[in-house]
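Colleague: I am new to this structure and would like to know how its descriptions are reached. Could you take me through them?

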Amino acid sequence: FRHIDRDAGGALLLLLADWQTMCADLLIRRIQSHLAAKPPYGCVRHVPILLADHNQLSSTQLLQRLGSYFDCTLPAGEQTATFQAQTTTLIERICKSLDQDQVLLLEITVTPDLYSAEDFLRWFLDAFWSPLVNALARTVREENRPGLKCIAILAVDTSRPTAYPLAERYWEQPSFGDEQCHAIVPLPLTNWTEEEIGRWLRLDAGLTPLPKLPELQKLAKR
């Protein structure tokens with residue numbers, strides 16, 4: 001989170017593959033808890049969006065659902081110029097909705113195959129995400145609201161391909177700067193260790209009554 005913790009504004013676009021198999025929802029909840037526990041981040045605004053496989057993966061679908069959170073209605077079937085103007089209006093609404101040092105957490109769960117949807121990915125990165133990143137920084141400069149931040153998470157149901165289509169749009173290095181905030185950063189999800197499962201059972205699973213330690217250890221092992 002060092003990259004987004006900047007007075008000039010910060011942004012991060014994460015990709016979580018195999019979100020059902022690898023329980024990406026637990027990581028997202030952990031990110032929420034981490035942000036909410038740090039006073040400098042202010043009140044976290046969480047916006048969950050589901051793009052299900054019975055719908056076409058499209059810019060219209062995403063923006064209509066996103067717009068419902070920010071009182072910005074985008075009609076379906078608009079021509080390109082009009083639709084882009086509506087997208088710009090939505091981005092402005094998003095920026096205006098954030099207070100100083102606040103974090104917007106966009107959780108976008110995608111069940112269709114995102115990797116093969118190259119037109120959608122190009123649109124998302126070039127016509128929505130990059131303009132949003134730039135608008136956040138501009139709002140900080142022009143309206144004296146330091147520390148605006150956005151973390152967008154693409155939780156994808158499909159497995160990671162051997163080679164990414166549009167491979168140049170992904171950034172897998174452990175450190176990155178302002179230019180890379182416009183790219184997708186894959187975050188591999190790994191299996192938990194037995195010790196981590198035991199800690200989760202003890203602290204976060206909501207077991208009532210809480211079993212004694214030997215029984216917890218048996219549960220974790222199983």
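**Reading the model**

Modeller: Gladly! Let me start with strand 3, where eight of the eight residues are buried, so strand 3 is largely enclosed by the rest of the structure. Please keep in mind that this is a predicted model.

Colleague: Which residues of strand 3 point one way, and which the other way?

Modeller: V103, L105, E107 and T109 point one way, while L104, L106, I108 and V110 point the other way, and all are buried. As background, side chains in a regular strand alternate between the two faces of the sheet.

Colleague: What makes strand 2 and strand 3 a pair?

Modeller: Two strands pair if there are at least two bridges between them, and strand 2 and strand 3 have seven, in the parallel sense. One example is I49, whose bridge partner in strand 3 is I108. On to strand 4: strand 3 pairs with strand 4 over eight bridges, again parallel, and L105 stands opposite I151 there.

Colleague: How many bridges join strand 1 to strand 5?

Modeller: Two bridges join them, and the strands run parallel. The cut-off is at least two, so strand 1 and strand 5 count as a pair. Here L15 stands opposite P186 in strand 5.

Colleague: Why are strand 2 and strand 5 called edge strands?

Modeller: The five strands form an open sheet in the order 2-3-4-1-5, and strand 2 (45-51) and strand 5 (185-186) each pair on one side only.

Colleague: Why is R145 called buried?

Modeller: The relative accessible area of R145 is 15%, and buried means under 20%, so R145 qualifies. R145 is in the loop between helix 4 (118-143) and strand 4 (149-156).

Colleague: How do you know that the side chain of R145 makes polar contacts?

Modeller: The limit is within 3.5 Å. The R145 side chain reaches the backbone oxygen of C95 at 3.0 Å, and one of its polar atoms lies 2.6 Å from the backbone oxygen of L98. Both distances therefore meet the limit.

Notes: Residues are numbered from 1 along each chain as its sequence is written. This is a predicted model: local features need pLDDT of at least 70, side-chain atom pairs count only at pLDDT 80 or more; totals for chains, interfaces and linings use all residues. Side-chain values use heavy atoms; hydrogens and water are left out. Helices (H or I, at least four residues) and strands (E, at least two) are DSSP runs, numbered from the N terminus. Buried means under 20% relative accessible area, exposed over 50%, partly exposed in between (1.4 Å probe, protein chains only). A polar contact is a pair of N or O atoms within 3.5 Å; within protein, one must be able to donate a hydrogen and the other to accept it, and residues adjacent in sequence count only if both atoms are side-chain atoms.
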